[in-house]
Structures are given as structure tokens and as C-alpha cells.
Amino acid sequence: MGKVLPVPSQVATTAQAIHPAAETKPIEATGAFALMDSLRRHGVTHIFGYPGGAILPIYDELYRAEAAGHVQHVLVRHEQGAAHAADGYARATGKVGVCFATSGPGATNLVTGIATAQMDSIPLVVITGQVPLTAIGTDAFQETDIYGITLPIVKHSYVVRDAKDMARIIAEAFHVASTGRPGPVLVDVPKDVGLAKFAYVPVDPGDVKLPGYRPTVKGNPRQVNQALKLIREARRPLLYVGGGAIASSAHAEIKELAERYNLPVTTTLMGIGAFDEHHPLSVGMLGMHGTAYANFAVTECDLLIAVGARFDDRVTGKLDEFAARAKVIHIDIDPAEVGKNRLPDVPIVGDVRTVLLDLLQRDSEDGTPANPNQTQEWLHRIDRWRQDYPLMVPSYPEAISPQEVIVEVGRQAPDAYYTTDVGQHQMWAAQFLKNGPRRWISSAGLGTMGFGMPAAMGAKVALPNEQVICISGDASFQMNCQELGTLAQYGIAVKTVIINNGWQGMVRQWQEAFYGERYSSSDMQPGMPDFVKLAEAFGVKGMIIRDRSELQDGIAAMLAYPGPVLLDVRVKRDENCYPMVAPGKSNAQMVGLPKPAPSEQQAEPSICENCGTKNPPDNNFCPECGTKI
């Protein structure tokens, strides 16, 4: 069984070991060597891929680098697995993930993984082989225009037409992928370009000059001051934190801002981990399956501070009722996102961490002390919602609930890196798992089934000493179950937990709620494999849990096992994921709550005698003027 190499402490020796002169003066080299040497210079130690005819010159050069022990190639069983593994690697580390595939079907098999990374702003460099330059456009064997196919789903693309451009293009690809709003960059390499010999001159990181590409990092000082003024004036503020905060590593600044002004904090699916959900100011995830108290808070807030978030439809519900009473501050590095879905009162284009650092510094230098009591009544109100509308973990006498499984896994492995597939299990995991930055890895924007296990594989390769757990569903898992072979070959000790209800669970829930219980093609039971036997066929340990009495010990045994494990947990077949905001409804109109929403209750509003403001009946203080009611 192969072993995953630890990250070498000094990757700068690779080219010296192969071509010592490459460090000092031009040498005769191939385009393939220039590619591998350029990857080495950019700190690449692991590559996920699958070979084929058009990319063989690159794999031949990879053979030399791998034999010297300076890079490891992880052979996946399907190219989609390579893209997701590189994605998981990038999300777990913040580095650029790298994957290889050959031309034609190899390249097109990457498309779903590239789109997944693009939607979630994940930095990848995707290397594809291509037919020779002379054959491009002739419908040659295994020719596809992968450059054209992927144009809508990449941050940038290249076709290397001259081997002399290879080093520059790879340096540019890494720079573009990892700066500004991160994203995937495609580099298509014709076979004859990989074989071509030329006088190679390296291009190191930092030597890239792209005059037309200058992402704005610092926020406009005037707008930062306006934002600070609104924060100081707000009585019912809410920090709304998205994936940009993770990409920018802004969690410390978000915590400082929240604590300084007593701001409650909600996160998107991509923003999970940017703020500690054990913190009393956390209200968890908002949106379609967010907490009730987060959704009530965003409906009632008077200031929404959006940090690295894009006002996605799964977050906003009915857009014109999303934070309808609030002024909006929107901080994002991508100017195209600011004002795209919601026009902000204060738009700030810049790196999230840089902007927040500037805002905090201005606040400190201004000399005006923050008033921590200003939001006290607002926080009391949120706490009442938290008590009245908690997330529920049902317990059934005849079956294990999916929520029980998630909670028990999280209890036994609180500091693990978690990946998920897509569906009900994903939402339950988002609701109940509470971990730190980069420890939550999930396909959010594209919602890609089959993402979880290969992404976990990438995270575990990057961080071999960390516990990595994939939460999957029986339907999602079968999308890329072939990667069990990769886990077995390289001894990648990912633990995969299948929340097995025998359905495409989220599809079934929607069919129940919105399609008259017509369960068209969503029942997986007739063709369900024996997951334990499937795992064992690939050389992976398989386990099954059917009864609640087995749950605690079974999860403990899975975590203690030194290699990869597939754990099949049979759960209640028809459990639904709540709360839920139905399509076209506002966030305050959730179904599945333990009691009617405040807006549906019949108590009369109270009137503030000081300013005449109408207040909800449970308010003790007027949020407008602070007078006791």
C-alpha cells in the first residue's frame, strides 16, 4: 500500500536534483520540465490526477520529480475526484490546489470540479493535456476545446502555444488563482509543447507583472469611516459573514469587531468557522436551513454588515424582504459582487481582513469609546428567540435520527476537519458541527453531490496528522465511490460516515412539501449496494450501525482505526431537515419550527411612550430610544 508523503521541508531542491544549472542560467529543457520546475518553485508538493496520451510528456517528467521524493502524485480513479481532491486540499490549507488530466474525456471529466471551485472561490491550477498544436481544430482523437468549454467557470485560462512561455504562464496562473477573489485557472498544454526543447529560464513567484490585473486590497477611507459611523449608531446590528472571511483569514478581526460593539454574528454555509459558534454572540448559520434565531435576526436588524458574502438566494429567501428594515454595509474584494443583488448604503471594495483591520484601527484612534450596552436589548431579544426556537435533535424509539449521528460524531471529534456531500446530511452537519476556520469543507454554490470523499482525501493528504471526516449521504456517496480505491492505495485515513436513509433525501423532502408526495426517481433502496462489502472490495474497512445502542461505540471504533473507514449508519427514512424557508418566502417564514413564529402570534404590539415607536410585545426596552416599556 502506498504512503502519502509529508510536505517536504525544502521543496527548492527539486530542480537542482534534476537539472542543477536551472537555478543559475538558462539550460536546454522541455516544456514538461519547465512546467514541473515551475510547480516546484510555487511550493507544490502534491498533485492529484490521472494520466493519458496527450499529457504523457508531463507525466514522464513527473516520474523523475516523484522518484526524487520532492513531489507526490495521487492517482485518483476518476478525474472529477482529482479536481475535488485539489479543491479540498486548497480549502484546508489556503494554498493553491493542483490537478492533472489528459485531453478529451479526461479534461471534460474535470468540468464539475472546476465549476465547484469557481462558485466557491477556491484557488486551483488545473493542468490539462491537449492534442498537438498541428492537430487542434481537426477533431483529432481525444480532442476537445477545454479552453472554450471552461471559459464561463474559470477565473482565467491559458493555452500554452510556445514552450518558452511555460514558466511565465504557470507563475501567472498561481498569482491569478490566489490573489483578489480566488478561483480556478486552467492551463492547457498541447503534447508537442510538452516535448519541445528550448533554453529554459525560470520565473519565480513574485516576478509576475500583470498591469491589467490589480485587485483592490485597501478599502476607501471615506467609506470605512461611514461604516464605522453606522456601526456606532446601530441598535440592532448583525454581522453577516461569508466565505470571503475564510479566504482572507479574517476570523480574528471579525471576533474583535463583534466583541468591541457586541455585534451578533451569523454565517453563510461558506462562512462556517469564521466565527466561533460556541461564542455567545454567535447565532449560527442563516438562510434556507439556518437557525430560526439567525433568520429572525436578519429580518429585524437595523444594520446588516456583510463581510465577504454575496447575498446568495439560499441565504436571502425573498430578496426584497431580506433585511428590509436595515441599512447595509457590504465589504468584498470583488467589485462585481457589491450591489449585484442588494444595493448597499456603504459599499467597500477590498480584502476583508485589510478593511476590518483599517476599521478597527480607525475606531481605536478616534478616541470615541464603544458602547457595549447599546445592543443589549437586541441581544436579549435574540436570546429569547434562541430559547424559543432551538435546533431540534429528535429521538425515535424505532430508529436513529440523522441529527443524533451528526451530534455524536461532533462530540467525539470536535476538532476534526469535516467535509460533506450535498443534501439533508449537509444541512444537518452545518447546523450541528461547530469547528474552526478551514475545518468546514462543503460544496456550497454549485451543490455538488460526490464532492465529500475526494475533498476529504485532498484535505487528509495536505494534513496527514489531522482527523478528517466526510459526512455523506447514501445517494451522494455513490457519485464518486470509486475513490475508495485511492484511499486504499495510499493509506489515506479518511473516515466517511454515510447518513443512510435510502433516499435522495433533500429531493424527497421537496417532493413531499411541494410536489404532492410524488416521489419521482428519488428512492435509492431498490439498487442500494451493501456499503460494507463495497468498502472491503476496495480494501477499506467497512462498518455498519443499525441501532442507537451501537452508535457511540461504533463511532469511537471508526475514529480509533488507523486507516480509512466507511461507516454506514442506517437512520430514520423520512426525517426532514428543519427549519426550512420555502422558495419565494422571506427568512422569517420558516416551516418546521417548534412553535409559531413571532409574526404569527396574536399579542398586540407595545407603544413606546417616549418616541411612539411600535415594538413587539416581548420587548422590555424600545430599540429606537432605549426607554423602558
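Reader: Before we start, what should I keep in mind about the numbering and the model?
Author: Residues are numbered from 1 along each chain as its sequence is written. Because the model is predicted, local features need pLDDT of at least 70 and side-chain atom pairs count only at pLDDT 80 or more, while totals for chains, interfaces and linings use all residues, and side-chain values use heavy atoms, with hydrogens and water left out.

Reader: Okay, where is Thr179 found?
Author: Thr179 lies in the loop between α8 (166–178) and β7 (184–190), where helices (H or I, at least four residues) and strands (E, at least two) are DSSP runs numbered from the N terminus.

Reader: And which residues does Thr179 touch?
Author: Leaving aside residues up to four places away in sequence, Thr179 touches Lys155 and Tyr213, a contact meaning heavy atoms within 4.5 Å. The side chains of Thr179 and Tyr213 are also joined by a polar contact of 2.8 Å, that is, a pair of N or O atoms within 3.5 Å, where within protein one must be able to donate a hydrogen and the other to accept it, and residues adjacent in sequence count only if both atoms are side-chain atoms.

Reader: Switching to β13, why is it largely enclosed?
Author: Strand β13 (residues 327–332) is largely enclosed by the rest of the structure because five of its six residues are buried, meaning under 20% relative accessible area, with exposed over 50% and partly exposed in between (1.4 Å probe, protein chains only).

Reader: How many bridges join β12 to β13?
Author: Five bridges join strand β12 (residues 303–307) to β13, and the two run parallel; strands pair if DSSP finds at least two bridges between them. In this pairing, Leu304 stands opposite Val328.
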